[in-house]
Amino acid sequence: MRNLTLKQFKTVQAIISHGKIVSAAKVLGLSPPAVTIQLRQVEEEFQLALFDRTSDGMRPTAAGLAFVETAQAIEERLRLLEDKMDAIKGVRIGSLRLGVVSTAKYFAPRLMAGFMKEHPDIDMRLAIGNRAETIDSLKNHDIDIALMGRPAREVPVRASVFGDHPLVIIAPPDHKLASVREISKERIAEEHFLIREPGSGTRISLEIFLSDVPGRIDDLGVEMDSNETIKQAVMAGLGIAFISAHTIAAETEAGRLVILDVVGMPIRRQWFSVMRSDHAISPAMATFHDFLMRKGAMYLPLFGKLYPHEGTNIGGRAS
């Protein structure tokens, strides 16, 4: 393996990304025969095929997937080295790739703006996706830190709480339960729910909440692919929804949505800053993590009536 080169690692990554030798060659600025030769050299080094050659293109074998995982880790370490060298030269502190689940997009831009105001020399990029996409980005070393409601279990991570994440049930203002106090779980379970896709954090929390209502989670409701779609559907009168309170600040303030007074609500979850435990922590990552621990909760929308027995400020203290 001492004979492997960075060029060969990049070649295999390009083939996996683009699926064909010709496409990979175009991206790499090489001829297809040159790419084929580099791939053959790697396969000869391991005495294993990294790809199955099919009519649909190049499909990575188990060996190919293992190889590219190492290639991604090497690329990550090289980027960290570049950041450290830049810091030594005084050029800039480094770069940070932040990934957030879709629910966090309602506060992530303001949080980023606050951080970048304090640290203008850090080059920061934002990627937004659902929970599965964000976890995949962590797996593939495509992001440095993720903000999510539940730490990933599919990849080794270190997670830190930076604020409260209250979950509530919403309805249109003219809903029959809008003015009802202390709605029971059994009563709310009779309503028609609009829900996120399987595996989403809010859906899992709703399943747990309704799990002791016989038969209710067998037919949970109508699936929709985004919080925005769900909010519009609730406002249109298509049903009620269980959703992050941080996604509905504008709509509740404008009177287009109401939070139902359901016994046991809001469900109090937390926001986590998550990074791979096998990921070397760069200066930029350490700086952003410190900012989150000190000020992250300040950028979460406030809902003064959600925790009436605990005062009005529920912005979230790390706990």
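Tutor: Let us begin with a definition: a residue is buried when its relative accessible area is under 20%, and exposed when that area is over 50%. Please keep in mind that the model is predicted. By this criterion, Ile21, Ala24 and Ala25 in helix 2 are buried.

Student: Why is lysine 26 called exposed?

Tutor: Its relative accessible area is 75%, and the term requires a value over 50%, so lysine 26 is exposed. Lysine 26 has its place in helix 2. Between lysine 26 and methionine 58 there are 15 Å in space, C-alpha to C-alpha, and the two are 32 residues apart in sequence.

Student: Why are helix 2 and helix 3 called roughly perpendicular?

Tutor: The axes of helix 2 (residues 21-28) and helix 3 (residues 32-46) cross at roughly 105 degrees and come within 8 Å. Angles of 65 to 115 degrees count as roughly perpendicular, so the description applies to this pair.

Student: Which residues meet where helix 2 and helix 3 are in contact?

Tutor: Ile21, Val22, Ala25 and Leu28 in helix 2 meet Pro32, Val35, Thr36 and Leu39 in helix 3. By class, this contact has seven nonpolar, one polar and no charged residues. Just after helix 2, glycine 29 takes a positive phi of about 75 degrees.

Student: What makes helix 1 and helix 3 roughly perpendicular?

Tutor: Helix 1 (residues 6-18) packs with helix 3 at an angle of about 110 degrees, their axes being 9 Å apart. The range for the term is 65 to 115 degrees, and therefore helix 1 and helix 3 are also described as roughly perpendicular to each other. In this contact, Lys7, Gln8, Thr11, Val12 and Ile15 in helix 1 meet Val35, Gln38, Leu39, Gln41 and Val42 in helix 3. By class, the contact of helix 1 with helix 3 has five nonpolar, four polar and one charged residues.

Student: What does the UniProt record place at residues 4-61?

Tutor: The unreviewed UniProt entry places the feature "domain: HTH lysR-type" there. In the model, the span is 62% helix and 14% strand, and its end C-alpha atoms lie 19 Å apart.

Student: How do you know that serine 95 is buried?

Tutor: The relative accessible area of serine 95 is 11%, which is under 20%, so the residue is buried. Serine 95 is found in strand 3 (residues 94-101). Leaving aside residues up to four places away in sequence, serine 95 touches Arg79, Asp83, Ile122, Asp123, Asp144 and Ala284.

Student: Why is aspartate 144 called buried?

Tutor: Aspartate 144 has a relative accessible area of 0%; the cut-off is under 20%, so aspartate 144 is buried. Aspartate 144 lies in the loop between helix 6 (131-139) and strand 5 (145-148). Not counting residues up to four places away in sequence, aspartate 144 touches Arg79, Ser95, Leu96, Arg97, Val274, Met275, His279 and Met285.

Technical notes:
Residues are numbered from 1 along each chain as its sequence is written. This is a predicted model: local features need pLDDT of at least 70, side-chain atom pairs count only at pLDDT 80 or more; totals for chains, interfaces and linings use all residues. Side-chain values use heavy atoms; hydrogens and water are left out. Axes are lines fitted to C-alpha atoms, for helices over the stretch in contact, and angles run from 0 to 180 degrees between N-to-C directions. Helices (H or I, at least four residues) and strands (E, at least two) are DSSP runs, numbered from the N terminus. Angles under 35 degrees count as roughly parallel, over 145 as roughly antiparallel, 65 to 115 as roughly perpendicular and the rest as oblique. Contact means heavy atoms within 4.5 Å. Ala, Val, Leu, Ile, Met, Phe, Trp, Tyr, Cys and Pro count as nonpolar, Asp, Glu, Lys and Arg as charged, and the others, Gly among them, as polar. UniProt positions are given in the numbering used here, feature names are shortened, and annotations may be inferred rather than shown by experiment. Buried means under 20% relative accessible area, exposed over 50%, partly exposed in between (1.4 Å probe, protein chains only).
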